[in-house]
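Hi,

Here is the structure I said I would pass on. Please open it up alongside this message and follow along.

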Amino acid sequence: MRKDSVPPRRPARRLIGQVLVDGGFISPEDRTLALEEKNRTNELLGEVLVRMKAATPEEIAAVGSIQGDFASLGDAVQSAAGARQYIGELLRRARKVTSEQLEHALSEQRTTGEKLGEILVRRGVLTRGQLETVLMFQKCQAGEAPSSVRFRLGEILVATGRITREQLEDVLSRQKLTRKNIGDLLVESGAVAPRHLARGLRLQAMLVTAALVAALSMADIAGAREIQRVSGPPATGSARIRVTATVPSRATLRVLHQERTLVVTPEDVARGYVDAPSASRIEVRNNNRGGCLLVFERISAPDPSFGNVSVRGLGRDVEIGSGGGFVPHPYAPAPVMAELGYRFSLGRDARPGTYPWPLQVSVRTM
């Protein structure tokens, strides 16, 4: 076979567990537990999550219907749907900016008049590639660039079994005459109840969020060429050439202080939890602008039945499972020091005493 006749390699589908986490359907801890169970039982991940009651069959069906749309940056960008949203809201939903970062940038914008995206790039919150990606995503939402039909409300309702293909086609035909939105027409026709419509809109918003998270994660890998494929051919005339270099992602964590024991008192047992303030002090270095993951893992099995753990000191309280979990940590140009406190929930079999410290913390690149 001639070299130029070899069919192009098909891009890999984004893993369904990652899509579910990106869209906020499940937590990273749910995914970890489900993957462990899947490896033990050889079930499909979706089946395990439904059995765990971490996700519904409807959610699994919705994600499965669009999973192939995240194979490339261009596909993920074209998955934009719904009403056009402000860049700040898109980035907040995609967990690329915190509410505090967004408020500081908006405050600066009110003073300087500079575009919000440029402020976020200058502050190191976004890369240039991520800004270009979210701007193109916004254009697709507004209908200024092609977008995938699978993320439209009607298609999601078909994929989840709420309506049939025939009902959708009928409503789309009537929409051309009435100019009403498809949701109102579906309710008027009796095809869906208002509560099912609200559920479909919520699913659409979560799927679109998953698409944006996927696009932003691929932005600096695929680069401007893929964005250009979505937006169309370049205009003639002068052009700027941008030279980029790829720096391997690297994250390190240094433990500056760590308590060696956890003391459980009778009062702790009575109220059902034990607090360990200022138990860890860490320093994180990370050169990946997409951030990194702090990994909390169980290192001992103490006598009391410890349950979930609330970690404090990361800008917000983060709940992780009894076996540990992952916590996203944003990029910062300089080393970041954090003092962590913990609240361990105690089961009914908990007993007072002094126990080895049950968790260790490490870091992984995204």
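Below is what I found in it, topic by topic.

First, the ground rules. This is a predicted model, so to speak of a local feature I required pLDDT of at least 70, side-chain atom pairs count only at pLDDT 80 or more, and totals for chains, interfaces and linings use all residues. Residues are numbered from 1 along each chain as its sequence is written, and side-chain values use heavy atoms, with hydrogens and water left out.

**Overall**

The chain has 15 helices and 10 strands. These are DSSP runs numbered from the N terminus, with helices being H or I of at least four residues and strands being E of at least two. Of the 366 residues, 44% count as buried; buried means under 20% relative accessible area, exposed means over 50%, and partly exposed is in between, with a 1.4 Å probe and protein chains only. As for contacts (heavy atoms within 4.5 Å), take those in the chain with a separation of 6 or more: residues 24 or more positions apart account for 75% of them.

**Strand pairing**

Strand 1 (residues 251–258) pairs with strand 3 in the antiparallel sense, over 7 bridges. Two strands pair here if DSSP finds at least two bridges between them. Within that pairing, Val-255 has Ile-282 of strand 3 as its bridge partner. Strand 3 also pairs with strand 8 (residues 336–346), again antiparallel, over 9 bridges. There, Ala-276 has Tyr-342 of strand 8 as its bridge partner. While you look at the side chains, recall that in a regular strand they alternate between the two faces of the sheet.

**Cavities**

The structure holds 2 cavities of 30 Å³ or more. A cavity is a set of points, on a 1 Å grid over the protein atoms alone, where a 1.4 Å probe fits but cannot get out, and lining residues have an atom within 4 Å of a point. Grid points are joined across faces, edges and corners, and a volume is the space filled by probe spheres set on the points.

The largest cavity has about 40 Å³ of space. Its lining includes Val-284, Arg-285 and Asn-286, along with His-329, Pro-330 and Tyr-331. Strand 3 turns up again here, giving the largest share of this lining with 3 residues. By type, the lining of the largest cavity divides into 7 nonpolar, 2 polar and 1 charged.

The lining of the second largest cavity divides into 5 nonpolar, 1 polar and 1 charged.

Thr-209 is also one of the contacts of Asp-22, which touches Arg-14, Arg-95, Ala-210, Val-213 and Ala-214 as well, not counting residues up to four places away in sequence. Asp-22 is found in helix 1 (residues 16–22) and is buried, with a relative accessible area of 5%.

**Salt bridges**

Side chains of opposite charge can pair when their charged atoms come close. With a salt bridge taken as a side-chain nitrogen of Lys or Arg within 4 Å of a carboxyl oxygen of Asp or Glu, the count comes to 20.

Which residue forms a salt bridge with Glu-59? The partner is Arg-199, with the closest N and O atoms 2.7 Å apart. Arg-199 lies in helix 13 and Glu-59 in helix 4 (residues 57–66), so the pair ties together parts that are 140 residues apart in sequence. Glu-59 is buried, at 7% relative accessible area. Both residues belong to a network of salt bridges that links Glu-58, Glu-59, Arg-162, Arg-199 and Arg-202.

Glu-89 and Arg-92 form another salt bridge, their closest N and O atoms being 2.7 Å apart. These two are 3 residues apart in helix 6, so about one helical turn separates them. Glu-89 is partly exposed at 27% relative accessibility, and Arg-92 is partly exposed at 35%.

Cheers

Note on methods: 1 Å grid on protein atoms, 1.4 Å probe; cavity = no way out; pocket = protein on both sides within 12 Å on 5 of 7 lines; lining within 4 Å. Nonpolar A, V, L, I, M, F, W, Y, C, P; charged D, E, K, R; others polar.
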